[in-house]
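I opened a new model today and kept notes as I went. Here is what I looked up.

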Amino acid sequence: MDHQDGQRSEPADGGPDEDRLFSEATAWHFRLQSDDVRPAERAAFAEWLAVSPAHSHAWAGLQTLLHDLKEPARAAYAKSRIGSPRRPAATGIRRLAAAMTILLVVGGLGVWHGPTLYQNAVADQVTTTGQRRTLTLPDGSTVDMNGDTALALDYRDGERRVRILRGEAWFHVTRDPDHPFVVDGGAGVARVLGTQFSVRRENDRTTVTVGEGLVEVVAHRNADGNAPWPDSVRLHPGESVEADPHGLTGPRAADPAVAFAWRQGQIVFRQQSLASVITALNRQWPGRVVLLNDEAAERVVSGVFALDRPDAVLDALERGLGVRATRITPYLTLLR
């Protein structure tokens, strides 16, 4: 914190400034472990670390704490070593709890990115969180990729096949009756001749939404082959279906203005819970928004927001729902 004379003060031992630096160090740890971290971000972290000895002290203390957490034999008595040993034990316990909460919520201690790294390695096209891209495929079809999406393309032997490894994509398919266009979303496969539709893959759940034409969605049966839901569904414009390891659910009505809003740089919420809104926002923005207010999780949100104005979205949530946003770094915001 800068004083009026322009000199930066050192935080008092165990005071709120030191807690703030610890939270910032935690956020930087999470961000630096991400597979899409950019050189400019690493430079920004170096600047943060060099601001004062207290910054480097907070970072070193966090690394010691994380090291202790990874050793089961020491975890029983693991405590924060940040600052003087004279600090009351309650401060170390509170800080340990804060670190555990943030790190577990935003990334499982921020060290495991195996699936994402593998998907990026085998994909032909990848977007990072918050990035959108339009592709033209060999057959003239076009694809709009949402953020944090990985696609693998297979056009060998006259086939037109796309695998969505993760994320969401919108397809405008060039009509070719002799060569169906196939999108494999893991739990389900969409087959079309020429149409416009989107496919979103989230872990073991795939959602297909149609904007124009007809789309046949076929489910991959689960291991026991006894799925009670239908194995295939034909979707018309304004319909969607979900596929998971058990089969298909739907079709159900879908509003293209909502489902495809991300293609215009917008996100639309209609009577959705705050928890689901935060999940949707985290697919669109670099970093994470973490909801720490359990009572607010089911509060209802409606609105149309611009994806390139995250501060405006957070301000609207603060005003409309009574939550408070704490921006620890540009890549981590806590909602309380």
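**Entry 1: the whole protein**

I noted that this is a predicted model. I looked up the helices and strands. The protein has nine helices and 18 strands. Next I checked burial. Of its 336 residues, 43% count as buried.

**Entry 2: helix α9**

I picked α9, which runs over residues 310-321. I counted 12 residues in α9. From first C-alpha to last, α9 reaches 16 Å, close to the 16 Å expected at 1.5 Å a residue.

Which residues of α9 are buried? I found Val-313, Leu-314, Leu-317 and Leu-321. Then I looked down the axis of α9. The buried residues fall within an arc of 95°, so they line one face of the helix.

I asked what they pack against. The list holds α8 (274-284) and the strands β15 (288-291), β16 (300-306), β17 (325-329) and β18 (332-335). Gly-322 follows α9, and I noted its positive phi, near 75°.

**Entry 3: helix α8**

I went on to α8, one of the partners of α9. Its buried residues are Leu-274, Val-277, Ile-278, Ala-280, Leu-281, Asn-282 and Gln-284. Their cover includes β14, β15, β16, α9 and β18.

**Entry 4: the second largest pocket**

I looked up the volume of the second largest pocket, and it is about 720 Å³. I found 29 residues in its lining. Arg-200, Val-258, Ala-259, Gln-272 and Arg-283 lie nearest its centre.

Which elements each supply at least two residues of this lining? I listed the strands β8 (196-202), β9 (205-212), β12 (239-244), β13 (247-253) and β14 (266-273). By class, I got 11 nonpolar, 10 polar and eight charged residues in the lining.

**Entry 5: Arg-263**

Where is Arg-263 found? I located Arg-263 in the loop between α7 and β14. Is Arg-263 buried or partly exposed? I read a relative accessible area of 30% for Arg-263, so this residue is partly exposed.

I then left aside its neighbours within four places in sequence. Arg-263 is in contact with Asp-144 and Trp-170. Last, I checked Arg-263 against Arg-133. They are 130 residues apart along the chain, but their C-alpha atoms are separated by 9.5 Å.

How values were computed: Residues numbered from 1 in each chain as written. Predicted model: local features only at pLDDT ≥ 70, side-chain atom pairs only at ≥ 80, totals over all residues. Heavy atoms only, no water. Helix = DSSP H or I, 4+ residues; strand = E, 2+ residues; numbered from the N terminus. Expected span 1.5 Å × (residues − 1). Buried < 20%, exposed > 50% of the residue type's maximum accessible area, 1.4 Å probe, protein only. Arc of directions from axis to C-beta. Contact = heavy atoms within 4.5 Å. 1 Å grid on protein atoms, 1.4 Å probe; cavity = no way out; pocket = protein on both sides within 12 Å on 5 of 7 lines; lining within 4 Å. Points joined across faces, edges and corners; volume = space filled by probe spheres on them. Nonpolar A, V, L, I, M, F, W, Y, C, P; charged D, E, K, R; others polar.
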